[in-house]
Amino acid sequence: MTAPPPNPVPIGYQGGTPSVPVWLNKGDNAWQMISATLVGLQSVPGLVILYGSVVKKKWAVNSAFMALYAFANVVLCWVIWGYKMSFGHKLLPFWGKAGPALGQKYLVNQALLPETTQYYGDGRLETAMITPFYPMASMVWFQCVFAAITLIILAGSVLGRMNIKAWMAFVPLWLTFSYTVGAFSLWGGGFLFHWGVMDYSGGYVIHLSSGIAGFTAAYWVGPRSKKDRERFPPNNVLLMLAGAGLLWMGWAGFNGGDPYAANVDSSMAVLNTNICAATSLLVWTWLDVIFFKKPSVIGAVQGMITGLVCITPGAGLVQGWAAIVFGILSGSIPWFTMMIVHKRWTLLQHIDDTLGVFHTHAIAGLLGGALTGLFAEPQLCNMFLPVANTRGAIYGGSGGIHFLKQLVGGAFIIGWNLVITSVICVAINLVIPLRMTEEQLMIGDDAVHGEEAYALWGDGEKYDSTRHGMDTDDTSYNKPSTGATQVV
């Protein structure tokens, strides 16, 4: 008998076992799990650190905890009902059918998005269903961290005054009735997906929605205390930069993971993301120097964020030179709305958006979606999008129509979030006050959590053994007074 020819595929790449089925691509699966981890690190610890550092000292614990709580809550809600509402079978043109994503038979099978098959008007197949070469478990987790960071971004608008119990109720309700609608409509096979609206990695689903919802929630919650609105310095600028750095580097997974494969489009997306972020940071800093005579570290972080947000809807769809254009505009237009328009428009002054999420995410996200409608390159679009011949307006043909579709898609996300966020806030306020009490607003973390961020006697406070106890690193408290107030 003749021996069978040797398998030309190295054993490490061979399939056909229960843990390595023939459809599994180890490279794609590895990159998808790495991407999910990078996006998760943007939230925990990235935004947890950034929020805990960029706020006034008395709100450091509460701000960090709001981000941490949202992440944990979304994970549970996502696997019980949220994932299938966003990526499962269609219930409505903008919503999937709720259901758990927890069973072994579901999670170990090949990932697929059942409503993404695209047909021509005459019924012929245009683009096959999205079926990545890794298990459903990787897809569920990757999309979960996107949902979680959306709620955490939204929290930035209501830091320093939202009742933590109201926030605990808000997170699952907004995830269910807002996020899942945008995700299914634009990514999961909903009406905007099949119409050809371009949102590569969440400029609309994540950033526009969180920016509009955060601004709306800020209106219903009400403003911070008068003292906090007048003076709200960051308590640790260097630690804030560490959180911002995690956010920037984590964006490689944010945009690089959305082709659902380790392919050339993923590489384009990662490079474009960094080009745009760097350009935007520099432009924002230059504008600060030109108009305010000194560079601002906080301003540089804002510019970095607007660049990352702006490139997100088109990261793998535009050329590198276009990413520079995105960065120039994302570093200047949100700067103008935040530094000039905000100070002159009564509505923006009336609504207390703590971290300016409306400018850094809503404005930048909508800007990115519109620019994608202008600069999306046809060949790159064909690598990623379900609708044939999709292109930006500058490439002629149907590009002008696609630009208008981008504006309509953005309008849908804006309108839905204005209405649904308002309904959720009003409903919660009937049961739980949205805003903290005046006493809590005055004291901060100690009143809300019974905890403080730093073991320091701060704000010029003298050491008081009846309040602080006898265990202290301050060895000078029992020395004779010199008549001067101790400041540690």
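1. Accessible areas here come from the Shrake-Rupley method with a 1.4 Å probe. On that basis, this predicted model has an accessible surface of about 21,200 Å². Carbon and sulfur atoms own 67% of that surface.

2. Next, the make-up of the chain. It holds 19 helices and 4 strands. Its radius of gyration is 24 Å, close to the 23 Å from the globule rule for 488 residues, so the chain is as compact as a globular protein of that length. Along the principal axes, the C-alpha atoms fill a box of roughly 100 × 60 × 45 Å.

3. Now the inside. Of the 488 residues, 53% are buried. Take the contacts with a separation of 6 or more: 76% of them link residues 24 or more positions apart.

4. Charges come next. The chain carries 26 positive and 25 negative side chains. The centres of these two sets lie 5 Å apart.

5. One annotation deserves a look. UniProt, in an unreviewed entry, lists residues 30-454 as "domain: Ammonium transporter AmtB-like". In the model, that span is 68% helix and 2% strand. Its end C-alpha atoms lie 39 Å apart.

6. Finally, a single residue. Is S35 buried or exposed? S35 sits in helix α1, which covers residues 26-54. Its relative accessibility is 0%, and buried means under 20%, so S35 counts as buried. What does S35 touch, leaving aside its neighbours within four places in sequence? The contacts of S35 are F142, G253, G256 and G257.

Terms used. Residues are numbered from 1 along each chain as its sequence is written. This is a predicted model: local features need pLDDT of at least 70, side-chain atom pairs count only at pLDDT 80 or more; totals for chains, interfaces and linings use all residues. Side-chain values use heavy atoms; hydrogens and water are left out. UniProt positions are given in the numbering used here, feature names are shortened, and annotations may be inferred rather than shown by experiment. The radius of gyration is taken over C-alpha atoms; the globule rule is 2.2 Å times the number of residues to the power 0.38. Buried means under 20% relative accessible area, exposed over 50%, partly exposed in between (1.4 Å probe, protein chains only). Contact means heavy atoms within 4.5 Å. Lys and Arg count as positive and Asp and Glu as negative; His and the chain ends are not counted. The place of a charge is taken as NZ of Lys, CZ of Arg, CG of Asp or CD of Glu.
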